[in-house]
Every structure is written in C-alpha cells, then in structure tokens.
Amino acid sequence: MKRIKGKEILLILIIYLIISFILQLKANDLYIKIVNPAFWLFCGVYYYRENKEIYIRFSHKNIFIKKLLLWMLIYLIVFFDIGFITGYGRNPYDNTLFGIFNNITRVIIPISGIEILRSYFINKNKKNKKIYIIMTLLLFFIETNFYYYLYNWANKKVIFKYLCSTTLPLLGINFLSSYLVSIGSFELSLIYRLIDKLVLVTLPIVPNMNWFVSGAFSLVFMTIIYFMFKYRYHPDDSLEIEKNNKKSFGYPLTLTFCILLILFMLGAFKYEPIAIMSNSMVPTYSRGDVVIYEKISQDKLKKLKKGSIIIYKIGDMYIAHRINKVIINDEEVKYMTKGDNNTTSDIKLVATSDIKGVYIGSFKYIGYPTVWLNEFFSKK
C-alpha cells in the first residue's frame, strides 16, 4: 500500500475537520457514535505498523514509561483526594456494562487513533516546527466540541466555564502529547491520556470539582510532566545526568505549591479568599482587592463584637461589611452591618448561619480579573 505523505495527512485532517464541524451541527449523534470512532480506528490501525520503526528507536523506553506512570499515579491520588474536600458525585458517563462499551468506542478509540497518527507524523517532521505546530492545532480543533459551544452560545458564563475547564486543558493536552511523542513514540502520550480517561469512563463516582479547579488542576499537572521530561531529555536521545540537585528538587516543590494554591482557592483550608466587587468598604479595602477571611465555629460566630468585619452570603453574593450593632432576641444572635463607605446600614440582618468567616487581611488589586469577568457576565 502506498504510504501517505505528511502534507497529504494534513490535507486529509483539514477536510475531516470541516466534515466533523458540519456533522456536529447537523447530525451530532451520528458523528459521535459512528463517524468519529470509525475514522480514528482506521487511522490507528493504518499507522500502527508505520510506528513500529519509531518504536524500535525509542531508547530509554522503560525509564520514561516508569517516570510517567509514577506521575500519573500521583495525579490520580491527588485527583481523588480532592473529593474529601469537595465531596463526590455521580460520574456523568454511563457506567453500566453497555455504557462502558459505548464510552470506549466514543472516547478511547478516537484518542488511541489520534495519538498513533500524531506519533507517526511528528516523528517524521521533527525538523519542520511549523508543520509540527499546525498538526497539533489541527488535532486540537478536531477534538474540540463545537456542538457544545453552538448549543450554549447565548450563555456567556457557561461558555467561559467550559472554555476554562475543558477547552484550554485540551489545548495543553495536545501540545504535551506532541512533545511526548517527539521524544519517544505514541506509548507515552497514550499512557498519559488513557489513564485519565479510563478512570473517568469506568468509575461510578468522581470528585465534585468546579470549573476553575478542574481546569487549573489539569494545567498544573501538564506543566509538571512537561518539565519533568524536558530537563532529562536531549535531542541526541540521551538522558541528562542531573548535576544540579536544586533543579530536580524544584519539581516536587513546584507541584506542592500549585496544588496548595488550588486547594486554597477551593476553600480547603481555614482561610479563604474572595474578590471585592464594590467600594463600600473604602478605605479598609476597595474594589478589585482580595480579602482573606478566617472560618470560625458557630460558638465564636455568636460572640462577635461591634466593629468586627464579617463575610456573609446572601443568595449567590458574598458581602464583606462591618458589624455596627449586635441584636440578641430569644438567644438568637443577629448582626446589623454597614459598609465603611456607606451612609446607611444594610437592610437585611445577618444570621450566624449566613456568615462564612471573619476578615483577616487584604491584598490590593489582584482581584480585578474576577471583577471584570463578573461584570462581563452580568451584562445583558
């Protein structure tokens, strides 16, 4: 059989991208259940044999695979440990026997075909960086769920959350996968991608992570894995001898810092941050600042004094105002609050059950991205 050349592969993928976009608009079920799995099954089978030559040249295979398996084990442990903080929920994938078969058909087969084709193409075009990048972007767009964007286009908040939690990590996954196949073969990228997906499509419960934590968690681990390989690999296919112990020691430190930062943003610790949306508390803090508050027990919440700044929640809105009056009625404690920059007290009294914590300190300006996003999504 005549071998399909690099430029011909790119042309085929461009045509397939156009077809997949049209099918997602017109016949999404047909595309997901039949067309996409069939296309990538053919690609996987066709290029598996072509990859054997690359596979044989894959030096240090066992070392690379062991390192990647170790990091993926850490990834899974941290991923499921987050559930102790956020709680666990039912997996959105169907986990019946027939459902698992469908999941493998719709998810695992396409990923396998993509990585086998990626490995062949990139290892044949390592010196051409432009084609290398074009291939990566093409595979990213082919994997992108355009149907979801078009279906939810009117809801900016839903689109933004999906972009951060799914699409940006998918872009990172594709660039990391391209790097992994460039230093070896499809084995590395398949291990990375399939371990994560097989857990999701087979287990009945998963951690309840919000969109921010989900996206950040994926991107952090991609970065760690990239640097873990980058500083141990040379183009001459030899492993780097680590002379600088500080550099190797920096990997777990970086990983620990990133995980702790995500958990802090998630509210896993005694202290938690919120962004300030108004100037009601000027000069104590102002719009765009980030306030850190301490979570305290119900007993302590009932003993707060006039002048304390509390963070409480009404509906979906967090408010950080100062107590200007304590009201006790039949052993029930409520607080009247007021912003330092406001002329009148807040209308609604605050019950202890509404209070999230007590003000500790603030940081200037770093909350502005949250403020701008909130204003953008609030526009009609």
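Residue numbers start from 1 along each chain as its sequence is written. Since this is a prediction, local features need pLDDT of at least 70 and side-chain atom pairs count only at pLDDT 80 or more, while totals for chains, interfaces and linings use all residues, and side-chain values use heavy atoms, with hydrogens and water left out.

**Overall picture**

The chain has 13 helices and 9 strands, taken as DSSP runs numbered from the N terminus (helices are H or I with at least four residues, strands are E with at least two). Of its 380 residues, 44% count as buried; buried means under 20% relative accessible area, exposed over 50%, and partly exposed in between, using a 1.4 Å probe and protein chains only. Contact is taken as heavy atoms within 4.5 Å. Among contacts between residues at least 6 apart in sequence, 70% join residues at least 24 apart.

**Aromatic pairs**

There are 23 aromatic pairs in the structure. Rings of Phe, Tyr and Trp (its six-membered ring) pair if their centres lie within 6.5 Å, with planes under 30 degrees apart called stacked, over 60 edge-to-face and the rest tilted. Here are two of them:

| Pair | Centre distance | Plane angle | Type |
|---|---|---|---|
| Tyr75 and Phe221 | 5.1 Å | 85° | edge-to-face |
| Tyr226 and Phe227 | 5.1 Å | 70° | edge-to-face |

Tyr75 sits in helix α3 (residues 61-81) and Phe221 in helix α10 (residues 211-230), so this pair ties together parts that are 146 residues apart in sequence. Tyr75 and Phe221 are both buried. They also belong to one aromatic cluster, along with Phe79, Phe80 and Phe217. Tyr226, on the other hand, is partly exposed at 28% relative accessible area, and Phe227 is partly exposed at 30%.

**Helix packing**

How do α3 and α10 sit against each other, and at what angle do they cross? Their axes come within 11 Å and cross at roughly 160°, where axes are lines fitted to C-alpha atoms (for helices over the stretch in contact) and angles run from 0 to 180 degrees between N-to-C directions. That is why α3 and α10 are roughly antiparallel to each other; the label covers angles over 145 degrees, with under 35 roughly parallel, 65 to 115 roughly perpendicular and the rest oblique. The α3 side of the contact includes Trp71, Tyr75 and Phe79, and the α10 side includes Phe217, Phe221 and Phe229.

Helix α5 (residues 97-124) packs on helix α6 (residues 129-143) at about 170°, with the axes 11 Å apart. So α5 is roughly antiparallel to α6. Among the residues that meet here are Ile111, Leu117 and Phe121 in α5, and Ile131, Tyr132 and Leu139 in α6.

**Local details**

Val333 lies in strand β7 (residues 332-338) and is buried at 11% relative accessibility. Leaving aside neighbours within four places in sequence, Val333 is in contact with residues including Lys302, Ile328 and Thr352. The C-alpha atoms of Val333 and Thr352 are separated by 7.0 Å, although the two are 19 residues apart along the chain.

Two backbone spots are worth a look. A cis peptide bond joins Val282 and Pro283, with omega about 10°, and Pro283 is in the loop between β3 (271-275) and β4 (290-294). Tyr365, a residue other than glycine, has a positive phi near 70°. Tyr365 is in the loop between β9 (355-363) and α13 (368-378) and is exposed, at 56% relative accessible area.
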